[in-house]
2 protein chains.
Amino acid sequence: MINQSVDAETIFDMENVLAFLERADAIASSTELDELLEQMLALMVEIAGGASGTLYLVEGQQLVFRVVHGNPASQYLVGLRLPISIGVAGATISEARPIWVKDVNLDPRWDATIGEISNLAVRSMLSLPLQLSQQVVGVIQIFNPHRSEPRLLQLLGNRMASEVEKSRLLQKAKQRESRLSALVEIIGHIGSTLDRTQLLNMIMEYARSLLGAEASSLFLIEPASGDLILHVSTGHLNEKMQAIRLPKGKGIAGYVAGTGETVLVADVSTDSRHYANVDQKSGFATHSILAVPLTARAITLGRDRDDSVEHTIGCIEALNKIEGTFDGDDVLLLTTLARQAATVLEIATLYADVNELFFDVIQALTAAIDAKDPYTEGHSQRVSEFSVAIAEEMKLAAEFVHHLRIGAILHDVGKIGVSDGVLKKPGRLTEEEYREMKLHPSIGERILGHIRMLQQEMPVIIEHHERLDGSGYPFNLPAEKISISGRIVAVADAFDAMTSDRPYRAGLPIEEAFRRLRVGAGTEFDSQCVEALAAAYQQGKIHSQKESSAQTAALSG
Amino acid sequence: MINQSVDAETIFDMENVLAFLERADAIASSTELDELLEQMLALMVEIAGGASGTLYLVEGQQLVFRVVHGNPASQYLVGLRLPISIGVAGATISEARPIWVKDVNLDPRWDATIGEISNLAVRSMLSLPLQLSQQVVGVIQIFNPHRSEPRLLQLLGNRMASEVEKSRLLQKAKQRESRLSALVEIIGHIGSTLDRTQLLNMIMEYARSLLGAEASSLFLIEPASGDLILHVSTGHLNEKMQAIRLPKGKGIAGYVAGTGETVLVADVSTDSRHYANVDQKSGFATHSILAVPLTARAITLGRDRDDSVEHTIGCIEALNKIEGTFDGDDVLLLTTLARQAATVLEIATLYADVNELFFDVIQALTAAIDAKDPYTEGHSQRVSEFSVAIAEEMKLAAEFVHHLRIGAILHDVGKIGVSDGVLKKPGRLTEEEYREMKLHPSIGERILGHIRMLQQEMPVIIEHHERLDGSGYPFNLPAEKISISGRIVAVADAFDAMTSDRPYRAGLPIEEAFRRLRVGAGTEFDSQCVEALAAAYQQGKIHSQKESSAQTAALSG
């Protein structure tokens with residue numbers, strides 16, 4: 001079919017043909033795709049005796065101008081994207097056969113905008129499909145050829161097509177592998193966090209980067225109302241979109257959270273569910289959305305507990321894919337990430353809940369013990385706050401402070417075992433009554449000392465009435481045997497006792513209390529702890545019992 | 001070089017050659033690898049005018065007998081694996097060039113064991129490398145050829161080599177993708193479990209299946225001794241290997257857990273670290289081991305807490321790869337799984353620890369309240385056990401039982417607010433004292449009622465002295481307003497009170513207690529709860545105070 005106007009159909013003998021094929025073979029088996037395409041195009045231009053050549057590859061519905069040979073002036077065209085139906089190249093693809101154009105100026109299919117920029121006096125052209133079975137993966141065009149050599153060129157073109165396909169399949173597979181690896185890494189990171197706020201931020205930033213989206217948003221269902229509350233967003237939305245509320249079922253996020261379905265909208269302007277309100281508030285122009293439900297797996301809580309039930313807690317949206325459009329791989333990745341994220345959020349909630357329960361219960365029970373004597377109401381809670389303030393002033397480690405906080409709340413728990421008559425006695429205690437009172441650290445140890453998870457708290461309970469000079473109780477410990485947490489709580493305890501009203505005297509003024517603590521520093525109290533408490537007080541970090549009551553009165557007044 | 005003893009070097013003209021190449025092209029571009037190899041081999045045998053042909057592919061250090069053409073009797077050889085250096089095929093690979101054998105019987109390289117089983121009178125042979133750049137990926141052998149056509153055959157062979165490589169690269173990429181997907185799925189499953197025992201089993205079974213190993217073992221470091229304890233193993237080891245202990249640093253597992261390094265041993269008999277002791281005990285023959293440390297990530301605990309520190313808690317071993325040998329991909333997968341598994345195990349431990357802490361503390365504090373009156377010692381704990389037994393007998397949901405257990409432990413917490421004089425009074429209470437005693441449910445609610453995580457426990461605390469006929473306290477609730485948990489604890493509480501000694505009377509015999517409960521059933525007590533308790537007692541699931549003391553005495557006697 002390609003037999004007009006070339007100098008010769010073919011002039012090569014067997015030796016030439018085999019040599020060309022061997023050169024093509026060497027190129028195909030030893031080079032990377034880009035170089036392969038250039039070298040193969042050069043070989044084909046040489047075989048056809050052409051002046052120059054170009055190579056387009058098909059990508060979706062576009063032709064990508066990939067290689068120019070023999071015409072450096074057109075090199076800048078490389079990378080240009082054209083509609084797949086354009087010009088002679090488009091015809092070559094749709095007809096899936098070689099096209100010979102004797103004079104491009106007389107061919108209505110010839111697209112001058114591409115042809116003329118090549119700056120060559122193009123007259124004739126051979127346009128060959130790169131074909132793989134029935135699929136055309138690209139087009140090679142050879143300009144002003146002297147020979148057509150149709151079978152040889154087609155063999156080389158098909159070999160190129162095979163290499164293009166191989167490279168694409170491998171690239172796709174590698175890309176999938178690398179995104180999956182990234183997902184595994186991300187899941188590892190979010191899985192090592194039990195802090196909900198940090199989790200929400202991590203999830204969003206990871207969702208955005210994994211999907212290559214301009215922005216992302218995370219909505220959580222507010223249990224009471226069923227409304228969706230925007231918790232975090234990334235990218236441009238970050239500042240403007242806080243505190244946006246979607247009424248139950250509204251918007252794409254509401255639909256997704258309500259139904260548990262995934263929604264992919266390539267153009268939100270065509271989707272009636274899109275709640276334009278959010279864009280108005282945020283000033284962000286949403287084009288495409290991939291929205292997946294945050295559905296937590298059923299969580300196995302272990303022995304004696306039911307598994308939690310799989311349930312949807314909200315929705316993640318990825319907004320505006322930066323390159324291309326959201327596809328099936330994106331859906332899979334975001335769904336997997338969301339499922340994992342929702343599960344981790346639930347586990348963080350379970351952990352926070354039981355910690356809250358523990359703290360609430362020990363505070364409530366020790367407050368109830370304190371309240372047996374109206375004069376010690378709130379004592380344990382204040383001693384815990386003072387102790388934490390001292391430790392923080394001393395820059396002690398957060399884990400030390402954590403156990404100190406618990407120990408200080410529980411420091412007087414042994415008073416459960418002291419009789420009411422002694423605890424509530426309005427006047428000074430007799431020798432014998434005082435002896436009973438002094439049992440409370442040991443009773444506290446007897447009550448809680450067997451608990452494995454409270455071992456770090458025991459020194460506080462046992463030692464909070466010991467004194468550096470060995471005159472304290474219950475063990476008259478010498479200074480070197482009194483732990484740092486025992487010393488801290490001793491100071492906090494004494495400060496609260498001094499500054500609180502007692503049946504037999506009013507609470508001391510703060511200054512007087514610190515004066516007395518300083519008098520006792522070194523003999524009775526650890527002076528570093530005393531000064532740390534004074535510093536915390538100076539900075540307004542703590543308040544005595546009377547200051548707290550005054551504050552409460554002022555607030556309610 | 002291949003020019004002796006064939007009828008002709010080449011007899012094909014250009015038309016023939018192009019036609020053969022086009023046939024090869026069509027085969028290569030449209031078929032799956034297996035069929036492609038068969039069709040290409042057939043084409044090459046045809047070109048060479050041979051009687052038959054075989055194709056081997058190189059896999060690692062082996063030659064795999066892949067295709068037989070023209071000799072159905074040898075079909076059974078397909079799949080056979082041979083050393084890569086064997087026979088003429090081995091020479092073709094090491095020399096990376098075609099080899100012509102005029103008479104196989106005179107060639108010392110000819111391996112009769114392969115040649116003779118082909119059942120053909122093989123005399124001459126052409127052995128061609130399938131070459132890709134410098135790499136030989138396989139060998140084609142054509143028997144009794146009439147033509148050599150070296151350049152044409154080599155072109156086709158190289159095309160096959162290219163397709164083999166493409167297929168292998170894609171297969172490898174797909175396999176990686178699918179193993180990563182499996183890993184993501186596995187991580188999701190282990191990440192939704194907070195039950196340590198279940199976790200250990202899941203981790204092991206997943207590790208074994210993901211790696212394609214015969215067996216796997218999980219060792220955890222025993223904190224006190226530093227020894228490694230085998231916790232779970234899968235496959236053949238399952239039964240025999242429980243309770244094996246590796247002294248600190250011993251064995252490959254000890255090395256890995258101690259150093260945090262990964263160890264891959266292809267043949268344990270050559271590794272001095274292998275602790276053959278374990279194989280002796282288990283009867284399992286270990287050949288290859290991949291051992292990775294169980295290293296938990298640093299876990300973010302949130303506000304007011306330090307992150308936990310990354311640390312190694314044990315070691316996972318995959319034993320005896322079923323196909324091939326453990327490779328870099330295996331190391332990466334098992335390392336990632338182990339890291340995630342160790343982190344999840346740590347989170348499960350954190351969750352279990354705080355739950356244990358909570359239960360231990362409420363049990364200890366309520367026991368201390370009970371102990372103010374020697375006659376009620378252990379009361380709260382027993383009431384909780386009785387209540388749980390009733391609920392389980394009634395087949396109530398595990399989550400209901402969980403909250404019931406907590407509520408029942410706390411049911412008398414309001415006694416903190418009742419004066420010692422009333423609590424400890426040896427004789428019967430006066431009207432006024434009884435009024436004070438009857439305040440304890442309301443006091444309990446005042447102490448704990450504000451706690452968000454205790455709302456489901458409140459009915460127990462408030463209603464455990466209500467009666468179905470409305471004669472109970474504190475609210476004289478009618479039957480329909482008394483919750484099921486209130487009814488259960490009322491029965492459990494009454495049973496414990498009846499069967500325990502009191503200052504003014506000895507504990508009732510069990511039968512008498514049940515008689516009285518049944519008399520009160522319907523008016524005072526819920527009869528279903530009474531019968532459930534009786535059933536639990538009949539089955540030996542609970543013991544009254546006196547029975548427990550008797551048991552304790554017997555055990556210590």
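**Entry 1: Asn320(B)**

I looked up Asn320(B) and found it in strand E12 of chain B; strands here are DSSP runs of E with at least two residues, and helices are runs of H or I with at least four, numbered from the N terminus. The model is predicted, so local features need pLDDT of at least 70 and side-chain atom pairs count only at pLDDT 80 or more, while totals for chains, interfaces and linings use all residues. Residues are numbered from 1 along each chain as its sequence is written, and chains are lettered from A and ligands numbered from 1 in the order in which they are written.

I noted a positive phi for Asn320(B), near 55 degrees, in a residue other than glycine. Is Asn320(B) buried or exposed? Asn320(B) counts as buried because it has 20 C-beta neighbours inside 10 Å. The cut-offs are 20 or more other C-beta atoms within 10 Å for buried, 12 or fewer for exposed, and partly exposed in between, with C-beta atoms placed from the backbone.

**Entry 2: Asp304(B)**

I then went to Asp304(B), in the loop between strand E11 (289–296) and E12 of chain B. Its phi is also positive, about 70 degrees, although Asp304(B) is not a glycine. Asp304(B) counts as exposed because it has 11 C-beta neighbours inside 10 Å. I kept a reminder that most residues other than glycine have a negative phi, and most peptide bonds are trans.

**Entry 3: cis peptide bonds**

I checked the bond from Tyr473(A) to Pro474(A) and found it cis, with omega near 5 degrees. Pro474(A) sits in the loop between helix H15 (458–463) and helix H16 (484–499) of chain A. In chain B, Tyr473(B) and Pro474(B) are joined by a cis peptide bond with omega about 5 degrees.

**Entry 4: strand E7 of chain B**

I followed strand E7 (residues 213–221) of chain B, where nine of nine residues are buried. E7(B) pairs with strand E12 (residues 311–321) in the antiparallel sense over seven bridges; pairing requires at least two DSSP bridges between the strands. E7(B) also pairs with strand E8 (residues 228–233), antiparallel, over five bridges. Which residues are partners of Leu218(B)? Ile316(B) stands opposite it in E12(B), and Val232(B) is its bridge partner in E8(B). I found six residues between E7(B) and E8(B) in their hairpin, and Gly226(B) in the turn has a positive phi of about 80 degrees.

**Entry 5: helix H10 of chain B**

I traced H10(B), residues 379–393, which has 15 residues and reaches 21 Å from first C-alpha to last, close to the 21 Å expected at 1.5 Å a residue; the expected span is 1.5 Å times one less than the number of residues. Of its 15 residues, 13 are buried. Lys395(B) follows H10(B) and has a positive phi, near 55 degrees.

**Entry 6: contact of the chains**

I found 78 residues from chain A and 78 residues from chain B in the contact; two residues are in contact if their C-beta atoms, placed from the backbone, lie within 7 Å. H9(A) gives the largest share of the chain A side, 21 residues.

**Entry 7: nonpolar core**

I looked up the largest nonpolar core, which has 112 residues, and Leu337(A) is one of those with the most contacts inside it. Such a core is a set of buried Ala, Val, Leu, Ile, Met, Phe, Trp, Tyr and Cys residues joined through C-beta atoms within 7 Å. Leaving aside neighbours within four places in sequence, Leu337(A) has contacts including Leu183(A) and Tyr206(A).
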